[in-house]
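Let's take a quick walk through a few residues and see what sits around each of them. Have the viewer open as you read.

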Amino acid sequence: MAGDHAADWQRRAKIDIHDIPAPLLDQARQGALLEAVLPGRGKDGTPTCATVRPLEGWRPV
């Protein structure tokens, strides 16, 4: 719903954090924030749901 309780959609995207490379995990343990860009829509044009993979991988911000 993304904060819009009047939305017709009630879906959620799951992000698999097991794919984060070990060096980035080390940075996160030291306080770095990690960012990933995710697809917002599925192949059928509806809001994305199920497990999604980052479009460009993980990166520290």
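Predicted model: local features only at pLDDT ≥ 70, side-chain atom pairs only at ≥ 80, totals over all residues.

## Tryptophan 58

Set aside the neighbours within four places in sequence, and tryptophan 58 is in contact (heavy atoms within 4.5 Å) with Ile15, Ile20, Leu24, Leu34, Glu35 and Ala36. Tryptophan 58 belongs to strand 4, residues 58–60; strands here are DSSP runs of E, at least two residues, numbered from the N terminus.

Numbering runs from 1 along each chain as its sequence is written, and side-chain values use heavy atoms, with hydrogens and water left out.

## The loop threonines

Threonine 48 sits in the loop between strand 2 (34–36) and strand 3 (50–52). Is threonine 48 buried or exposed? It counts as buried because its relative accessibility is 17%, and buried means under 20% relative accessible area (1.4 Å probe, protein chains only), exposed over 50%, partly exposed in between. Beyond four places in sequence, its contacts include Arg11, Pro39 and Gly42.

Threonine 46 is in the loop between strand 2 and strand 3 too, and at 16% it is buried. Its side chain makes a polar contact with the side chain of aspartate 44 at 2.7 Å; that term means a pair of N or O atoms within 3.5 Å, where within protein one must be able to donate a hydrogen and the other to accept it, and residues adjacent in sequence count only if both atoms are side-chain atoms.

## Alanine 50

Over in strand 3 you'll find alanine 50, partly exposed at 39%. Alanine 50 has a positive phi of about 75°, though it is not a glycine. Most residues other than glycine have a negative phi.

Technical notes: Helix = DSSP H or I, 4+ residues; strand = E, 2+ residues; numbered from the N terminus.
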